[in-house]
Structures are given as structure tokens and as C-alpha cells.
Amino acid sequence: MEQITEGVNNLSVAADSFKENRILVSNTKKPLFFYVNLAKRYMQQYDEAELSALGMGTVSLPSAIATVVTIAEILKNNGLAVEKKIMTSMVDVKDEARGRLLQKARIEILLGKTENFDELMAAATQRGDGDGEEQS
């Protein structure tokens, strides 16, 4: 029992493997405005939201990367967010069907609240826009 306790105490997790303000975006699981509204809630709570997605690796399927960029642009165009950092990388993902590693593109966009974020969100709530998103 002592060895188990010692092992747990010595366990370390990479600092960025779990972030409370990270949104893992999929282009197949939820609609676009689910992620837009989630990002707004994260910015209210944490002052920042990090959008993260992997490319599909095939030409035939649209990439979640495009969805992340669209979410960021909607929030920026509505005056709610500013880009703080954009990171791209390649990650190895195991293909269970073929038993080999595939390389997929990954994007992470860190968004921060604008100076008038809280005022815009309050005004949207008063207008009855729900989460304040204008769909054009």
C-alpha cells in the first residue's frame, strides 16, 4: 500500500495536458454555435478560452481546424475576443484500424476578452439574445 501511495504522490501530469479553459473542437459532434457560446462562457469565467482541434488527415472530410478558425473569427468580429496566441503543430495519432501512427495537424488558438466584453455580453442578455450571439 505504501508503494501505491508513493507512486501516486510522484505522479506528474504535463501542465498543458489538462486546461480548464481548453475547448476540444470536433466538426462532427456539436454544432458551430455550441462552441461559440461555450467559448464565451469560458472567457467570462477564466478571461481566456483556448480552442484546439486536429485535422482529419483526409481530403474528403472537412477539418475541425476550419471550425476552430471560424469560431475565433465570429468572436473577434462581434467584438468579444482578441487573439492572444496561435500555435500549430503535428501530432502522432494511432490509427486503431491499421495499427500504425498517423500524423495530423493541430491548431490551438488562445482568445482573450476584449475591454468591452462584459458590456457587450450584458447588453446581449438585456436584449434577450441568450448568449448574445448574432447569426448573420
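Predicted model: local features only at pLDDT ≥ 70, side-chain atom pairs only at ≥ 80, totals over all residues.
A salt bridge here is a side-chain nitrogen of Lys or Arg within 4 Å of a carboxyl oxygen of Asp or Glu. Residues are numbered from 1 along each chain as its sequence is written, and side-chain values use heavy atoms, with hydrogens and water left out.

**View 1. Lys113 and Asp47 form a salt bridge.** The closest N and O atoms of this pair are 3.2 Å apart. Lys113 belongs to strand β4 and Asp47 to the loop between α2 and β2 (48-54), so the pair ties together parts that are 66 residues apart in sequence. Helices (H or I, at least four residues) and strands (E, at least two) are DSSP runs, numbered from the N terminus. Lys113 is partly exposed at 22% relative accessible area, and Asp47 is partly exposed at 44%. For these terms, buried means under 20% relative accessible area, exposed means over 50%, and partly exposed is in between (1.4 Å probe, protein chains only).

**View 2. Lys76 forms salt bridges with Glu73 and with Glu83.** In the pair of Lys76 and Glu73, the closest N and O atoms are 2.8 Å apart. Both residues sit in helix α3 (residues 64-77), three residues apart, about one turn of the helix. For Glu83 and Lys76, the closest N and O atoms are 2.8 Å apart. Lys76 counts as partly exposed, with 27% relative accessibility; Glu73 is partly exposed at 30%, and Glu83 is partly exposed at 36%. Elsewhere, salt bridges that share partners join Arg22, Glu50 and Glu108 into one network.

**View 3. Thr114 sits in the loop between β4 (100-113) and α4 (117-127).** Is this residue buried or exposed? Thr114 counts as buried, at 16% relative accessibility. A polar atom of the Thr114 side chain lies 2.7 Å from the backbone oxygen of Gly79. Beyond its neighbours within four places in sequence, Thr114 is in contact (heavy atoms within 4.5 Å) with Gly79, Leu80, Ala81 and Val82.

**View 4. Helix α4 has buried residues, namely Phe117, Met121 and Ala124.** Seen down the axis of α4, its buried residues fall within an arc of 60°, so they line one face of the helix. The arc is that of the directions from the helix axis to the C-beta atoms. What do the buried residues of α4 pack against? Their partners are α2 (32-46) and β4. On the other side of α4, look for Glu119 and Gln126, which are exposed. Gly128 follows α4 and has a positive phi, near 85°.

**View 5. Asn21 lies in the loop between α1 (2-9) and β1 (22-24).** With a relative accessible area of 13%, Asn21 is buried. Which residues does Asn21 touch, not counting those up to four places away in sequence? They are Tyr42, Tyr46, Glu48, Ala49, Glu50 and Leu110. Asn21 and Leu51 are 30 residues apart in sequence, and their C-alpha atoms are 8.6 Å apart in space.

Notes:
Polar contact = N/O pair within 3.5 Å; in protein donor to acceptor, adjacent residues only side chain to side chain.
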